[in-house]
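Me: I am new to this structure. Please take me through the terms, one at a time.

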Amino acid sequence: MSHFCSDHDLISLSNAIISCIPTKTLNKDQKPIVLAIRKLKRFITSDAQKIITWNYNTIKARNSNRDMSDPVNQALVDFMKDCILFQEAVNNTGPLDTLFNLVKRETGNMTWLLCLIGERLPHLISTRLHQYLILGFAYYTNPFLSPSTEPLNADQKNIIYMGDTVFTHLINIEKNKQIVLNSLLDLIDQYFIWIKDNKPLTTDIQRYTLGYLLSLPKIAPTLFNESWSLLFKRLFENNAAGSMFLYEKNNNASIVKHTSGQIQDITSVFPFWLTTIAFDSNGLVMKHAMDVAIMLDTLGHDDRLSLSYLIPTGDKTILDTLRPSLEKLDLNPTSIDLIDWSISSMKKGRGVDDLKIPLFLLQLVVLKKDVETESVINMFVQLIIRLDRPKQDETCNEGARYLILSLVASTEVKWPGLFHLVLERIFSRTIAMHIADSEGSMNVEKILGNLAMLFENQDQLSKTSFQAFKAYLTSHWRQVLLLFLNHPSMECRAMGYRVLRNSRFWENADTVEGCESQTISKVLIDAWFRHIKARYIRFGQDEEISVVEEQQRLVAHCCQNIELAKTMLSFAMDCILGGALEIFPTVDVNALQQEKLSLYDKVVRETGHPQPQHLFKKPPQFVTTLDFQKQEEEEEGFIDVRDEIYVDNIERTAALFYQFSELPTLSSDQYLDINRHILNRLFSIWVPNAVSLDTYDDVLPRNIPYQCDIAIGNAFKDHPVLFIIFEKYTSDHRTSTKDYPMTNDIIRSILVYFIVFWNMKEVVSVPTTLKFATQLEETTRLLFLLKPVLPEFLVNSYHVFPFMSAKDLGDILFQVIWYYLRWSTTNANIPGIKKVVTTTNNDELIEKCKKRLLSICENRLKVLSNAPSWHDTLKTIMSNIK
């Protein structure tokens with residue numbers, strides 16, 4: 001039995017088919033013909049190309065009206081489909097190539113047949129048609145990638161018509177559309193596989209593929225337009241376009257054959273392609289100009305490519321050339337989320353010059369004629385709440401600030417007051433997050449951080465939006481405060497305080513309901529003392545200190561408003577005198593100590609001597625001028641973590657009373673005015689006054705004759721922060737209060753109080769002043785307050801205080817310090833005491849006081865003979881006094 005079909009049989013069957021009258025249903029005359037067509041399948045293994053040619057000619061002869069409802073026609077088309085499919089399955093591309101070639105000769109009349117086969121085999125026809133067109137342009141030349149005045153030749157016209165018609169037909173069939181689009185993506189994926197690992201392109205299909213893809217807008221406009229978004233995303237992902245560009249730049253692998261017959265590498269014709277296809281204002285690519293701009297931005301920031309000239313920097317760039325066209329065209333939306341891309345651009349450490357393309361594209365979107373206000377508001381909300389930037393990257397922060405605030409400014413003309421609506425939406429959403437906690441605490445922290453960043457600097461860029469920001473926070477500062485006041489994230493709290501600071505809402509204090517000085521002061525100062533009290537529990541959290549620092553800055557800025565400063569600092573002083581710094585929560589100090597230790601130190605401690613538990617029950621100590629560690633082995637007076645927190649809380653709280661003067665907006669006179677207001681408040685509480693010297697002579701060193709001395713002394717002893725504040729107020733050269741006599745009355749009261757304190761029967765018998773470490777520190781600071789009226793050796797005598805007993809220190813204060821002030825002619829009077837007449841020679845007085853001091857120290861040396869290190873240290877200090 002022959003495996004080849006004879007020409008005679010084929011001609012006979014063809015004549016029978018042609019003569020058979022077409023019908024809508026299969027009749028008795030058609031049945032034998034359909035059966036004969038089906039029996040031809042036995043020849044497709046050997047005569048496939050011959051059968052394809054016969055089938056094509058028969059269909060062409062019979063179907064002048066292209067009626068496919070006829071059963072015979074359907075049988076012919078199905079037979080052709082089966083023949084092609086079988087041969088492709090055994091890797092024989094000849095039959096389908098034969099069909100392509102036959103259709104190419106008469107595309108105007110027979111492309112419809114290829115469309116029908118494509119409906120039945122959409123994946124195969126789409127894939128193979130790409131290959132046929134690639135090789136077709138390699139053979140017949142590509143007319144689109146070189147300047148040519150010659151018209152397209154017949155072969156070029158035919159393959160272009162055939163390709164575009166088939167792709168368009170299949171795309172218009174919904175079930176086949178994605179298959180056709182995927183065939184193009186598969187071709188691109190195949191190209192990236194070829195160039196992977198920098199391998200050379202070896203076959204014609206490989207070398208001519210890129211030229212075909214670049215010419216696709218001219219070859220198959222429908223396919224190109226429909227597949228644009230998918231193509232763009234594929235090239236944008238992982239900067240695949242940059243990898244393609246780099247490969248071709250380094251290897252010159254892809255080529256194109258021009259009409260003249262010349263062969264060039266793609267990199268040589270790339271500028272021509274940009275001009276004639278990519279940037280053709282009437283072309284398909286420019287319909288997607290926003291995507292083009294995104295791609296230019298991506299390529300321009302790819303360090304591998306040296307294409308930074310694509311990025312606008314002030315000189316004329318490609319974007320400047322395109323701008324008029326971009327603004328006039330009815331552009332398609334971006335293929336990727338423009339907000340996501342803009343946010344990712346801001347996260348990459350780009351500065352102002354690197355974000356001009358994202359800004360321009362966002363402006364194009366928001367300034368469209370038909371854009372709705374709601375969509376613009378939502379864009380701003382998304383930009384601000386979704387921006388996730390590296391916090392320490394100032395370049396990134398500046399870039400993000402530039403993009404968002406410039407965008408706000410560009411919309412203000414069209415939508416005045418828009419940013420106020422944006423803020424309302426942002427905070428409404430943030431409050432909802434905070435209440436529901438549905439999106440995690442990090443979102444609230446991020447939103448507050450982004451808002452704080454936008455208004456870190458008030459300049460021309462932020463002028464328009466800042467006024468809306470300030471107005472909103474003036475009216476809603478308490479609601480915003482509640483967002484972060486007790487938030488579990490310390491960073492969130494810090495960002496919240498920064499938002500308030502950057503808003504400068506306090507400038508409107510007492511001008512807007514709910515923004516009164518009393519209210520602001522109470523809320524912020526209460527928050528301050530609440531937080532520093534909680535530091536004893538949170539000790540060791542890295543972000544905890546950032547909250548304190550932001551609170552300090554906020555209070556300092558609030559104090560630029562003079563009246564608000566007076567109210568706020570008065571409220572802070574009342575809290576201090578009420579013991580707000582001396583409220584200590586019950587905590588396991590030993591556990592806190594352990595948290596600070598390395599693993600090695602923990603092991604050493606566990607194997608060494610256990611810490612005496614009673615030490616952890618003592619209240620925190622205020623110690624800054626004494627080094628307890630030297631005595632740790634011989635005395636129990638070492639500093640634990642609560643002492644460190646207490647000292648830091650005191651120093652930071654004291655800074656609230658003068659740190660604001662470091663900001664440039666406050667004059668020295670204004671600072672002095674605030675200081676005197678605080679001093680007057682203290683004077684009104686304590687009522688210090690000048691008193692008789694004789695009375696002190698009668699009762700010191702064991703009794704205090706005046707109630708004001710007791711009140712003042714108790715306050716300074718119980719609240720050591722007062723020493724730092726008072727020292728700052730009385731020593732600052734810009735705001736000196738030497739001419740403010742009531743300060744001297746206060747210093748006198750402190751001196752008298754501590755003379756009596758160290759001579760109290762409960763204290764005087766204690767063998768070391770270290771038992772009363774805080775009072776020892778306070779006595780040292782008392783000498784600093786007396787520095788203007790004491791000789792230098794007496795001021796420096798505080799170095800011996802830690803080595804003394806309580807009685808020794810009481811003797812030094814009364815027999816040396818008080819004695820000097822009592823009889824000094826240089827000072828003429830003890831601070832705060834009425835002048836007395838004296839005839840004592842001051843040099844003799846100084847010498848006498850020095851001898852008294854050294855005598856007390858000599859006696860102490862004898863006691864310390866059994867503690868060599870203490871003995872030697874004290875002896876060294878004494879040598880400096882001599």
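Me: What makes Arg 781 count as buried or exposed?

Reply: Arg 781 has a relative accessible area of 11%. Buried means under 20%, exposed over 50%, and partly exposed in between, with a 1.4 Å probe and protein chains only. So Arg 781 is buried. The residue sits in helix H36 (residues 773-785). Helices are DSSP runs of H or I with at least four residues, strands are E runs of at least two, and both are numbered from the N terminus.

Me: Which residues does Arg 781 touch?

Reply: Leaving out residues up to four places away in sequence, Arg 781 touches Phe 622, Thr 624, Phe 723, Ile 724 and Glu 727. A contact means heavy atoms within 4.5 Å.

Me: What kind of model is this, and how are its residues numbered?

Reply: This is a predicted model, in which local features need pLDDT of at least 70, side-chain atom pairs count only at pLDDT 80 or more, and totals for chains, interfaces and linings use all residues. Residues are numbered from 1 along each chain as its sequence is written, and side-chain values use heavy atoms, with hydrogens and water left out.

Me: What is the mean pLDDT of the protein?

Reply: The mean is 86, and 88% of the residues reach 70 or more. pLDDT is the predictor's confidence in each residue, from 0 to 100.

Me: Where does pLDDT stay under 50?

Reply: One such stretch is residues 608-616, with 10 contacts beyond four places in sequence. Another is residues 628-637, with 21 such contacts. Where pLDDT is low, the predicted coordinates should not be read in detail.

Me: How many helices and strands are there in the protein?

Reply: The protein has 40 helices and 2 strands. Of its 882 residues, 53% count as buried.

Me: How do you know that the span of helix H12 agrees with its number of residues?

Reply: The expected span is 1.5 Å times one less than the number of residues. H12 has 12 residues, 240-251, so it should span 16 Å. Its end C-alpha atoms are 16 Å apart, which agrees.

Me: Which residues of H12 are buried, and what do they pack against?

Reply: Ala 240, Ala 241, Gly 242, Met 244, Tyr 247 and Glu 248 are buried. The buried residues of H12 pack against several helices, including H9 (174-195), H10 (204-219) and H11 (221-236). After H12 comes Asn 252, with a positive phi near 50°.

Me: Why is the pair Glu 456 and Arg 501 called a salt bridge?

Reply: A salt bridge is a side-chain nitrogen of Lys or Arg within 4 Å of a carboxyl oxygen of Asp or Glu. Here the N to O distance is 3.6 Å, and the two side chains meet in a salt bridge. Glu 456 lies in the loop between helix H21 (441-454) and helix H22 (463-484), and Arg 501 lies in helix H23, so the pair ties together parts that are 45 residues apart in sequence.

Me: What does relative accessibility say about Glu 456 and Arg 501?

Reply: Glu 456 has 33%, so it is partly exposed. Arg 501 has 9%, so it counts as buried.

Me: What is the distance between the closest N and O atoms of Glu 507 and Lys 470?

Reply: They are 2.5 Å apart, in a salt bridge. This pair links distant parts of the chain, with Glu 507 in the loop between H23 and H24 and Lys 470 in helix H22, 37 residues apart. Glu 507, at 36%, counts as partly exposed. Lys 470, at 11%, counts as buried.

Me: Why are Arg 553 and Glu 550 separated by about one helical turn?

Reply: They are 3 residues apart in helix H25 (residues 544-558), which means about one turn. An α-helix has 3.6 residues a turn, so residues three or four places apart point the same way. Arg 553 and Glu 550 form a salt bridge, with the closest N and O atoms 3.0 Å apart.

Me: Which residues are linked with Arg 553 and Glu 550 in a network of salt bridges?

Reply: The network also holds Glu 456, Arg 498 and Arg 501. The structure holds 40 salt bridges.

Me: What makes Glu 513 count as buried or exposed?

Reply: Glu 513 has 74% relative accessibility, so it counts as exposed. Its place is in the loop between helix H23 (490-503) and helix H24 (517-538).
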